[in-house]
Amino acid sequence: MTIAASTRAVALVLSLTTAVTCLAQGVVPAPLQPDARSVELISARQARLDRIPPVTDADLLHPADGEWVNWRRTYDGQGFSPLAQIDKSNVAALRPAWTWSMPPNSSQNAPLVHAGVMFVYGVGDRVQALDAKTGELLWEHTHIAKRTASIAGIVKRAIAISGDRLFVATTDGQMIALDIHTGKRVWATELGGKEVDISAGPMVVHGKVIEGLAGCTRIVPGGCSFVALDAETGKLLWTFHTLARAGEPGVDTWNDLPFEKRNGGSVWSTATYDPALNLIYIGAGNSYNWQDLTKGILGKNTHKSDGLYTNSTLAVDPDTGKLKWYYQHLPGETWDLDFAFERTIADIQWQGKTRHVVITTGKAGITDVLDAATGKWLFSLDQGVQNVVKAIDPRTGRKIYNQATLPDMTLQRTDLQCPAGFGAKNYPSNSFNPTSRILYIPLAENCGESIPKIFKPGEYTGQGQELRVTRYLPNSDGNIGRLDAVDMQNGKTLWSTRQRASVTGAAMATAGGLVFVGDADRWFKAYDDRTGALLWQMRLNDAITSYPISYAVDGKQYVAILAGTGGPRIPNLRALTPEINTPRGGGAVMWVFELPSKP
Amino acid sequence: MTRFALLLLPLCCLGAGALAQTARSPATFTAEQAARGETIYRDQCQGCHGDKLDNGEFGVPLRGAVFAAHWHDKGLDAPFQLMIEQMPPTNPGGLGVDAYADVLAFMLSQNGAKPSQTPLPADPDALAKLAAPN
């Protein structure tokens with residue numbers, strides 16, 4: 001349109017508007033129209049989003065080095081970045097590239113990065129896509145939850161991506177699929193009613209969305225489960241119940257407790273996957289039928305009180321949901337010290353041979369290593385922060401319990417259990433460097449003193465004991481937190497960075513020779529992966545209880561971490577270090593770090 | 001005497017001494033406050049502290065001997081302050097000051113205290129003059 005013509009057009013519009021408004025009762029301004037500049041910028045943004053290529057099955061199996069498309073980057077759960085641009089020689093110069101305020105209480109969420117776009121979940125079911133280089137918001141989807149949830153249902157550790165879809169578990173126990181280009185919802189599937197909490201988050205394999213359910217603290221008759229949904233439609237394909245059912249081995253291991261009174265087997269972490277074996281590995285947590293199982297253990301009829309499949313690694317065919325093998329780490333366990341976390345798949349040398357293994361560390365800081373194909377126990381490592389297992393059978397790996405720490409139902413004494421029920425290790429994951437074969441384990445040293453609560457048959461408690469008082473480890477030197485570097489070839493702890501504040505974040509090892517981890521005192525740190533020397537640190541806005549990631553955009557490496565608290569881990573550990581303060585109010589920030597650009 | 005009873009003995013003695021020095025009055029609350037407090041508790045607190053206040057998976061017991069041992073020598077302003085500053089972890093202080101007094105009233109009722117006509121004040125200075133359960 002020529003200038004003159006447009007002036008006439010504007011005059012016409014103005015005069016029409018004036019005519020209309022003069023007819024009306026008063027003068028009403030016309031709504032603001034976005035200017036041409038914003039229209040152009042927003043449509044350029046959508047064009048950029050439209051260009052995001054789908055995530056193929058091959059991408060999930062072998063992500064490009066700069067991508068982070070699984071919870072722990074790769075299906076094997078190692079949480080290792082092959083990027084080496086940031087290394088020991090230059091990490092001291094690491095600085096913030098951008099930050100983004102997240103919804104309050106976003107404390108555990110691991111972001112994903114694909115094609116230069118960061119996808120992240122915020123508490124309150126706010127899902128966002130951000131430009132991973134600039135921090136610009138590209139789209140946002142807020143799911144309106146039909147109900148609230150307890151803390152276990154509010155936090156979300158993982159989201160998943162496959163094809164054109166982002167898969168997100170919600171506060172109200174649904175799985176939703178969003179279009180990665182627009183954030184629009186494609187489907188939603190309810191996974192359970194009020195009794196279901198989803199903490200772990202999904203993963204996708206063979207077009208199936210696999211999600212574990214928690215919330216079995218409350219009586220969920222028959223316990224918890226994990227499910228597979230069709231990624232295209234959201235239809236439920238199969239359910240695996242984590243408490244053994246009629247006809248399955250192990251249904252008779254509950255000391256005669258009727259099936260409908262059994263509970264537990266919550267799933268707290270996302271599954272890992274081995275493509276060669278075509279197996280997913282997932283952990284089931286403890287039972288809450290403490291009294292019934294303990295009676296059996298104290299009465300020494302141990303196999304009748306194993307409580308299968310609580311405290312087990314379950315190897316399941318993802319296409320059928322059929323169990324291939326299980327290994328129970330802590331039969332009939334009653335301290336809430338479950339093996340509930342990531343099952344890391346790795347190749348290590350053991351007894352002169354290369355073994356393909358599943359590695360998992362439980363809350364007590366004991367690491368079990370199993371053959372990935374058969375579930376055969378190979379060996380265990382003890383980081384020395386526990387007193388509940390006094391010995392491990394060298395043939396079977398069966399753990400012999402310290403009877404003095406089993407809840408004494410006659411109430412004649414308190415027992416000191418190390419660690420306390422919230423564990424020395426928890427959901428913040430280990431990281432494994434597949435080249436050096438070193439496993440990095442974040443830990444907090446603590447104990448709990450309690451006596452058991454007597455309750456009626458079938459009644460339950462979230463923890464088995466009453467009078468829970470947090471205690472320091474006996475002979476503690478005041479250093480509560482540590483990051484242990486364990487050589488998985490010989491089980492030796494190579495170094496251990498001991499510090500006052502609990503190490504509450506997940507670890508991330510990189511090919512640049514670094515290990516990143518955050519703690520309860522707001523420090524995000526980078527260590528030399530071989531010596532444990534501190535090479536870089538920064539004090540962030542809040543404590544860190546989440547998962548670091550690293551990615552690359554346009555040839556430049558970034559490290560990202562969400563800092564914020566809102567789960568129970570920080571309040572639980574606070575008693576031991578009361579001088580450490582973190583902000584109240586749950587303000588959370590996504591931090592992205594970079595090296596200064598070369599001039 | 002069993003070792004457990006020996007454990008309790010010094011706590012009782014300390015409690016008696018502290019009360020004598022500060023001369024706090026017994027806490028009072030109304031049945032209506034405790035009923036409102038129960039509703040709030042079930043909505044906001046139960047997920048961590050349990051439906052019976054001592055059987056939660058993520059929070060410390062709010063009922064029974066360990067609760068009494070922790071607070072017996074302090075005024076009620078102390079737990080009130082802690083709750084407002086830290087609880088619930090996802091929204092500290094966000095429930096409104098009267099709601100915290102209601103929840104505290106419910107907790108008192110679950111720790112053996114009986115309701116009366118006098119409400120529990122939602123004011124730290126007034127609460128400081130009231131004794132925690134022992």
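Which residue in S13(A) does A:Ile210 stand opposite? The legends below begin with the sheet that holds this pair.

**View 1. The open sheet S11-S12-S13-S14 of chain A, in a predicted model.** A:Ile210 stands opposite A:Ala228 in S13(A), and strand S12 (residues 208-212) is joined to strand S13 (residues 225-230) by 5 bridges in an antiparallel arrangement. Strands here are DSSP runs of E with at least two residues, helices are runs of H or I with at least four residues, and both are numbered from the N terminus; two strands pair if DSSP finds at least two bridges between them. The pairing in this sheet of 4 strands is antiparallel. Strand S11 (203-205) and strand S14 (236-241) stand at the edges, each with a single partner strand, so one side of each is left without a neighbour in the sheet.

**View 2. Strand S8 of chain A and its partners S7 and S9.** Because 5 of the 5 residues of strand S8 (residues 165-169) are buried, this strand is largely enclosed by the rest of the structure; buried means under 20% relative accessible area, with exposed over 50% and partly exposed in between (1.4 Å probe, protein chains only). In a regular strand the side chains alternate between the two faces of the sheet. In S8(A), A:Arg165, A:Phe167 and A:Ala169 point one way, while A:Leu166 and A:Val168 point the other way.

**View 3. The hairpins on either side of S8(A).** Strand S7 (residues 160-162) runs antiparallel to S8(A) and is joined to it by 3 bridges, with A:Phe167 as the bridge partner of A:Ala160. There are 2 residues between these strands, and A:Gly163 in this hairpin takes a positive phi near 60 degrees. S8(A) is also joined by 5 bridges to strand S9 (residues 174-179), again antiparallel, and A:Leu166 stands opposite A:Leu178 in S9(A). The hairpin of S8(A) and S9(A) has 4 residues between the strands, with A:Gly173 at a positive phi near 70 degrees.

**View 4. The open sheet S1-S32-S33-S34-S35 of chain A.** The pairing in this sheet of 5 strands is mixed, and its edge strands, S1 (80-81) and S35 (534-539), each pair on one side only. Strand S34 (residues 523-528) runs antiparallel to S35(A), to which 5 bridges join it; A:Gln537 is the bridge partner of A:Lys525.

**Notes.** Residues are numbered from 1 along each chain as its sequence is written, and chains are lettered from A and ligands numbered from 1 in the order in which they are written. In this predicted model, local features need pLDDT of at least 70 and side-chain atom pairs count only at pLDDT 80 or more, whereas totals for chains, interfaces and linings use all residues, and side-chain values use heavy atoms, leaving out hydrogens and water.
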